[in-house]
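These are my notebook entries on a single structure. I record what I looked up, one topic at a time.

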Amino acid sequence: MIDEVVTVAARDGTHIGVRVYRPDNGRSPALFGASPYRFDNNILPASPQFLWRETGPIEFYVAQGYAFVQMDVRGSGRSGGDFVFLGRKDQEDLYDVIEWIGAQGWCTGKVGGIGQSYFCMLQWFMAAQAPPSLACIGAHDGLADAYRAGCYHGGIPCDFFPGYWWYQNRFINRFPAEGPGREQETDLAAMVAAHPTYDEFWRERNALELLDRVTVPVYSSGVWSKHQLHTRGNIDAFAKVKGEKKLRLSAAPNAWAAAAEFSSIDFHQKVLLPFYDHYLKGKETDYVKRPNVEYAVRGAGAMRQSETWPPKGVRYTAWHLTAEQSESVTSLNDGGLTLAPPQGQEATTYNYPVPGWVAGVVGFGPSGPPAFDPARRVLTFTTTPLEHDLEIAGPIKLVLYASSTARDTDFFIKLCDQFPQSAEERGKLLNPAFEVVTRGWLRASHRALDPARSTEMVPYHTHRDPQPLTPGEVYRFEISLEPQAYRFKAGHRIRLEIVNGDSPATEALWSHYYRPDKIGADTIHHDARHLSQLILPVTADR
């Protein structure tokens, strides 16, 4: 295998660092990935310990007769310029390097996109610019709208990119596994904070604004457990691109398992290699015979096939929030979730900050530290035990009628699978085991919808002109929970959680810091005139 570091001149004269791995002889199609994570770190194992090693198995692809080309984005690794976080110059650099690859004597002239997470985020921009040498993209696990999916969930600032992620990126650039260290002067936290609404800064970095231009074949491969960051990007991009396309959604249970999956040779042999072999080498592979959509169903341990997303035959079914207690969980209110609408006047109010909150909105259980109890100090609305298994697949929406004593408030929503619990444990007021199915977020002042982009099940908020609340006035909010496929088992309960924040104790890398000025009381209205309801995409109830 030939392994060489090359410098490519971008159109503005900036020197872009590129590493080329290729077979010893002959011409090969090329796989191309770009990130700020430095190809100098590729000597480290592609393992979950190093989450940013998201290239896939480089040596495997070279052995299959591909060149593998990795680019350090400007302002990182061996590339010049300043880091611009998905900006226009990053996008133009992708085009320029792809055309450089296609023109090399060792390349057949065909280039395919590869890589997970940030590598995938940049693949959307590769395809949108349509460089002539780009033949396809294998876009695995990557957001397309950096404002809504990564930096401002529902208009609420998320700590991930300006906090954990940028610290990590500067650290691995400063102390690479090999090669010279470098400093990155960009203040990403200040950059993100300077743009709290969806303005031209974010529009430039939103691939969804461009993806209707894409005509090259696209394999959009997502991961359900990455719904706090990437999952919707793969689904929305699949819907928007115009060329040949397929969608696949994995059940890897968390970010670390997803990294291990993408690093494995088995995944690439079975999933991505047949795609690349077909479009870059012209081989007859099983890829073309695959259904348009393959999706894992969490909780069922099964893969389903469909010609569309959402699957045909989905029944959108409303569960109503009520004051009827489930007597199955200890929370601020223990409300109900029923198919029948409530009667009379019902409302649920809570004051915040809540006494007992320790890490964000999470406190300890009845036995005290160190055990956290995420449900105990939030609002919950829970069904009776399910009589039959219930499977969902598709978009999920919450219609919420609410008022506040404040001029603004936040809604953090979790949909959970609550497991059966013994009477003995319930008698001790221990909360039952559960699994988070999906989440949603909305800042109340960002409630305005874009009617041209919203659908019946997927509200699309403009995030352009926040409007404060009038204290005490009841508003109707439409909140899109992240799409999901999940099977609730018979005897389990569906639980909805509502509160105005989250916690690093429960959100792994994607928490939202609790603002000190969030002081007040919110009321959820769920009466005959205000039908607050959770709408689920039911595919099976048996």
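**Entry 1: helices against the sheet.** In this predicted model, I looked up helix 8 and found that it lies across strand 6 (134–140), strand 9, strand 10 and strand 11 (293–297). Helix 8 runs at about 160° to strand 10. I then turned to helix 10 (residues 265–281), which lies across strand 3 (28–35), strand 5 (107–113), strand 6, strand 9 and strand 10. Its angle to strand 6 is about 165°.

Entry 2: I traced an open sheet of 10 strands with mixed pairing, in the order 1-2-4-3-5-6-9-10-11-12. Strand 1 (2–9) and strand 12 (302–306) stand at the edges; each has a single partner strand, so one side of each lacks a neighbour in the sheet. From one strand to the next, the twist averages 20°. I also examined one pair: strand 9 (residues 218–223) and strand 10 (residues 245–250) run parallel and are joined by 6 bridges. Tyrosine 219 stands opposite lysine 246 of strand 10.

**Entry 3: two helices in contact.** I looked up helix 2 (residues 88–102) and helix 3 (residues 118–129), which pack at an angle of about 75° with their axes 9 Å apart. Helix 2 is therefore roughly perpendicular to helix 3. On helix 2, I listed Asp90, Gln91, Glu92, Leu94, Tyr95 and Ile98 as making the contact; on helix 3, Tyr118, Leu122, Phe125, Met126 and Gln129. The residues of this contact divide into 7 nonpolar, 2 polar and 2 charged.

**Entry 4: salt bridges.** Side chains of opposite charge can pair when their charged atoms come close. My search of the whole structure returned 33 salt bridges. I selected several to examine.

Arginine 232 and glutamate 482 meet through their side chains at 3.0 Å, N to O. This pair links distant parts of the chain, with arginine 232 in helix 8 (residues 231–240) and glutamate 482 in strand 22 (residues 475–488), 250 residues apart. Both arginine 232 and glutamate 482 are buried.

Arginine 38 and aspartate 40 form a salt bridge at 2.5 Å, N to O. Are these two buried or exposed? Arginine 38 is buried, with a relative accessible area of 1%, and aspartate 40 is buried at 0%.

Glutamate 478 and arginine 476 are also joined by a salt bridge, their closest N and O atoms being 2.5 Å apart. Here glutamate 478 counts as buried at 16% relative accessibility, whereas arginine 476 is partly exposed at 43%.

Finally, I noted a network of salt bridges that links Asp12, Arg74, Lys89 and Asp93.

How values were computed: Residues numbered from 1 in each chain as written. Predicted model: local features only at pLDDT ≥ 70, side-chain atom pairs only at ≥ 80, totals over all residues. Heavy atoms only, no water. Axes fitted to C-alpha atoms, helices over the stretch in contact; angles between N-to-C directions. Helix = DSSP H or I, 4+ residues; strand = E, 2+ residues; numbered from the N terminus. Parallel < 35°, antiparallel > 145°, perpendicular 65-115°, else oblique. Contact = heavy atoms within 4.5 Å. Nonpolar A, V, L, I, M, F, W, Y, C, P; charged D, E, K, R; others polar. Salt bridge = Lys/Arg side-chain N within 4 Å of Asp/Glu carboxyl O. Buried < 20%, exposed > 50% of the residue type's maximum accessible area, 1.4 Å probe, protein only. Pairing = 2+ DSSP bridges.
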